[in-house]
Amino acid sequence: MLSFSRYVKYGFIILVVLVSLSFLYILDQEASDLKRWFPNGQQKTPTTPIAEDSDKRLANATFVILARNSEVDGVARSIQNIEDRFNAGRYPYVLLNDEPFTEQFKKWVKFCSLLEANLIVMPVRRISVLTPALVEFGVIPKEHWNQPPWIDEEKASKAREGMKAQKIKYGDNVQYRNMCRFNSGFFFKHDLLKKYKWYWRIEPNVKFHCDIKMDPFLFMEQNDKVYSQRPTSGFTIAVYEIAGTIPSLWRNVREFMEQHPEYVAENNSMPFLSNNHGTTYNLFWSNFEIADMDFWRGPAYTAFFEHLDSKGGFYYERWGDAPVHSIAAGLFLRRDQIHFFEDIGYQHDDWSHCPLRDDLWEKGRCACDQGNSFDYDPWSSCKKHWDRLMELGH
Ligand SMILES: Nc1nc2c(ncn2[C@@H]2O[C@H](COP(=O)(O)OP(=O)(O)O)[C@@H](O)[C@H]2O)c(=O)[nH]1
Ligand SMILES: [Mg+2]
């Protein structure tokens, strides 16, 4: 008869074998995942197939998601939603973070606790089950993210305290300012994005209410060919920016325009930006963006960003990437190069754009309430200015 200590010994050996087998299984799964994404041990280079059938053609485009490790659930929800409503595995994703993405986030493997899983280690894939598209993860270089050393920290911290006292959202948050400056002037310089021309910005926990039946990248590209060689920038929600975050932004924009009139487009969107030819302005922002990164990489925007950055307003105030981008698009592009995607239903936090045209709403199987669309909210939305601009014609 086996003694009790032998039971313990054999039990322990069986446990070690089981745990080892489980780890081998997971390693094998990860290896096959990696092979799928990076055949021949190389990172798969996304291609831009130009098929004969123009419907199958893809633009040189990617989704871009800036996210923290803690936002894995929100990222998964956003990807699932855009995959179901539009992408179906066609366009790739670039995920960026100021810190390395954790293995759990990256390899989409979550270890259930041994107890919970009855000694079986369960790999739970997060992103790979959502899309067969290429997903690349990048770390943001510190010099593209951190507050630059030439910023006067005493002045910046005083400004943060002031905004905190005024209860301005993210008023005392340095990371938020880093994020705004990064999105304004650096994301399109990231190594993983260099190979792409077009991007579609996605945030964790955003919602696309309707089926997106056309390809917005191709739409923009094709219209660009028709109307101009220059890029187009799109947005769906235009919301007034909190004035306290950008008191001197417009003054600095006007200074730039005076110094560089050569960059200001003739048929620009000044009537949208301002009701009085530029004396004061209607600030607007949106975190929905589909745009041509070559515009951000080009001479006008590069000079504009450098001018603004040199004023320190990302830190001495709280300039956001949305007003900086949209002012630049509004000034340096002709208004026909900017497009409002009426049929893309979109929700970010409490702001929702739901297509108001019934035919679009029905065709898109929209899951939003047209009555709740933000577009004509009298207090905050500036879509009415956009409509006024469009009435002026191109
Ligand atoms: N990696 C990283 N991402 C951030 C950080 N702060 C904000 N983000 C991302 O930047 C985007 C905008 O941030 P959010 O908090 O949603 O700002 P809001 O939309 O202006 O309220 C989201 O995609 C966030 O995930 C940060 O400190 N690190
Ligand atoms: Mg957000």
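The following paragraphs describe the fold of a single predicted chain, the surroundings of its ligand and several individual residues.

The model is predicted, and for this reason local features are reported only where pLDDT is at least 70 and side-chain atom pairs only at pLDDT 80 or more, whereas totals for chains, interfaces and linings use all residues. Residues are numbered from 1 along each chain as its sequence is written, and chains are lettered from A and ligands numbered from 1 in the order in which they are written.

The chain contains 15 helices and ten strands, these being DSSP runs numbered from the N terminus, with helices (H or I) of at least four residues and strands (E) of at least two. Of its 394 residues, 36% are buried; a residue is termed buried if 20 or more other C-beta atoms, placed from the backbone, lie within 10 Å of its own, exposed if 12 or fewer do, and partly exposed in between. Among contacts between residues at least 6 apart in sequence, 79% join residues at least 24 apart, a contact being a pair of residues whose C-beta atoms, placed from the backbone, lie within 7 Å.

The largest nonpolar core has 63 residues, of which Ala61, Phe63, Val64, Ile65, Tyr199 and Ala328 touch the most other members; such a core is a set of buried Ala, Val, Leu, Ile, Met, Phe, Trp, Tyr and Cys residues joined through C-beta atoms within 7 Å. Helix α13 (residues 321-332) gives the most to this core, contributing six residues. For isoleucine 65, the contacts beyond its neighbours within four places in sequence are with Val75, Tyr93, Leu95 and Ile202.

Not counting residues up to four places away in sequence, asparagine 178 touches Trp145, Asn146 and Gln147, and its C-alpha atom is 6.3 Å from that of glutamine 147, although the two are 31 residues apart in sequence.

Among the strands, β4 (residues 198-202) and β7 pair in the antiparallel sense over four bridges, pairing being assigned where DSSP finds at least two bridges between two strands. In this pair, tyrosine 199 stands opposite alanine 291 in β7. From strand β7 (residues 289-292), Glu289 and Ala291 point one way and Ile290 and Asp292 the other, and all are buried. In a regular strand the side chains alternate between the two faces of the sheet. Elsewhere, three strands form an open antiparallel sheet in the order β5-β9-β10, with β5 (207-208) and β10 (351-353) as the edge strands, each pairing on one side only. Strand β9 (residues 346-348) pairs with β10 over three bridges, and tyrosine 346 stands opposite histidine 353 in β10.

Helix α8 (residues 249-259) has Leu249, Val253 and Phe256 buried. Seen down the axis of α8, the buried residues fall within an arc of 60 degrees, the arc being that of the directions from the helix axis to the C-beta atoms, so they line one face of the helix. The covering of these buried residues includes α11 (299-310), α12 (313-316) and α13, while the face turned away from the buried side carries the exposed residues Arg251, Glu258 and Gln259.

Two loop residues other than glycine have positive phi values. Asparagine 205, with phi near 65 degrees, lies in the loop between β4 and β5 and is partly exposed, with 17 other C-beta atoms within 10 Å. Arginine 365, with phi near 50 degrees, is found in the loop between α14 (358-363) and α15 (383-392) and is exposed, with 12 other C-beta atoms within 10 Å.
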